[in-house]
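Here is a short briefing to read alongside the model on your screen. Keep the viewer open and follow the topics in turn.

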Amino acid sequence: AEGWGAPVEADWRKLVDLPDVGLAYVFGPHEGMAEKCLSLIERGIPFVVEKPVGTSLDELSTVRQAAEAAGVPATVPLVQRGGPTEKWLAKAGRPTYQRTSFIAGPPSRYLANANPWMLDPVKAGGGCLANLAPHFVDLFLRGTGESAAHVDSRLSSVLHNQAVEDHASLIITTPEGREAIVEVGYAFPGSPLKRYCSFTSVGEAGFASVDSDGTATFTALDGTTEVEKINVDSDPLYDPFVRSVARTLEDGFRGLTTLAQLEEVMRPIWQAYDDQHGGREHA
């Protein structure tokens, strides 16, 4: 802040009232996210907000409706969009069947990095499903151009016995019968490897796959196969996202993720929590 000659405020309520605020990033505990977004909308301040935008679909819908009504631009860092994995899977064409497995490090990493609220279901809304799955549900819905018509789910906290789930599986079906299996977890050991991930997608052009070490394979309908190495680390995807936010700020974040798109992504995820926990335990 000193380097930029910028004011510092610890209270976000004072922060939003600073003069000449041109853009806000809304991070932190998911509980209270909606309140912060609504305060920005009231003041006409464009904002970037982390998924899931609250601890329920209703909170996200309320923010989305308010932003649209006020004409306040908002976007969400679903950073897998346009990344190496999405581009590779697109070789298979519009997904008929898609599978994602993304297993991140253990819940203890949130204690080590001073974010213990991520393990509190009241403050976070959920565990690995709410945190990790939106990226991959989005890739499938975006690839198919459809919405989720049905979701089957299974959530578990057996491995680490935390209040939030450390493993979750979704089977999402679209109105046309296209299907995605999305598996996420906080089940990988603490390690420099960070995570395990793998992806497959089958469409009218063939079969594409990406492995945890970045090995990417595409087999076309004529049986020919191409193999490359891509970067599957999601951390480097945030830099280009932030640059795209700055580039499109004057255009209302044209081309970036909208709150309406996030709402379609979160709908099957919150539905899974409702199915597993009797309707309101996640909120």
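What follows covers the sheet, the helices, the pockets and the cavity.

This is a predicted model, in which local features need pLDDT of at least 70, side-chain atom pairs count only at pLDDT 80 or more, and totals for chains, interfaces and linings use all residues. Residues are numbered from 1 along each chain as its sequence is written, and side-chain values use heavy atoms, with hydrogens and water left out.

- Helices (H or I, at least four residues) and strands (E, at least two) are DSSP runs, numbered from the N terminus, and two strands pair if DSSP finds at least two bridges between them.
- Strands of a sheet pair through backbone hydrogen bonds, either parallel or antiparallel.

**Two hairpins**

- Strands β9 (residues 206-210) and β10 (residues 215-220) are antiparallel and share 5 bridges, with Ala208 partnered by Phe218 in β10.
- The hairpin of β9 and β10 has 4 residues between the strands, and Gly214 in the turn shows a positive phi of about 90°.
- β10 also pairs in the antiparallel sense with β11 (residues 225-229), again over 5 bridges.
- Across this second pairing, Thr217 stands opposite Val227, and Thr219 has Thr225 as its bridge partner.
- The hairpin of β10 and β11 has 4 residues between its strands, and Gly223 takes a positive phi near 90°.

**Helices on the sheet and elsewhere**

- Contact means heavy atoms within 4.5 Å, and buried means under 20% relative accessible area, exposed over 50%, partly exposed in between (1.4 Å probe, protein chains only).
- Beyond its neighbours within four places in sequence, His135 contacts Lys51, Pro77, Leu78, Val79, Gln80 and Tyr238.
- In α2, the buried residues are Met33, Ala34, Cys37, Ser39, Leu40 and Ile41, and their cover includes α1, β1, β2 (47-49) and α3 (57-70).

**Pockets and the cavity**

- On a 1 Å grid over the protein atoms alone, a cavity is a set of points where a 1.4 Å probe fits but cannot get out, and a pocket is an open set with protein on both sides within 12 Å along at least five of seven lines; lining residues have an atom within 4 Å of a point.
- Grid points are joined across faces, edges and corners, and a volume is the space filled by probe spheres set on the points.
- The largest pocket is lined by 35 residues, and Lys51, Arg109, Tyr110, Asn131 and Tyr238 lie nearest its centre.
- α5 (108-112), α7 (128-144) and α8 (238-248) each supply at least two residues of that lining, and α7 gives the most, with 4 residues.
- The lining of the largest pocket divides into 18 nonpolar, 11 polar and 6 charged residues, where Ala, Val, Leu, Ile, Met, Phe, Trp, Tyr, Cys and Pro count as nonpolar, Asp, Glu, Lys and Arg as charged, and the others, Gly among them, as polar.
- The second largest pocket holds about 290 Å³, and its lining has 11 nonpolar, no polar and 1 charged residues.
- Residues lining the second largest pocket include Trp12, Tyr25, Phe27 and Lys36, and β1 supplies the largest share, 3 residues.
- The largest cavity has a volume of about 30 Å³, and Gln80, Pro84, Thr85, Asn231, Val232, Asp233, Ser234 and Leu237 line it.
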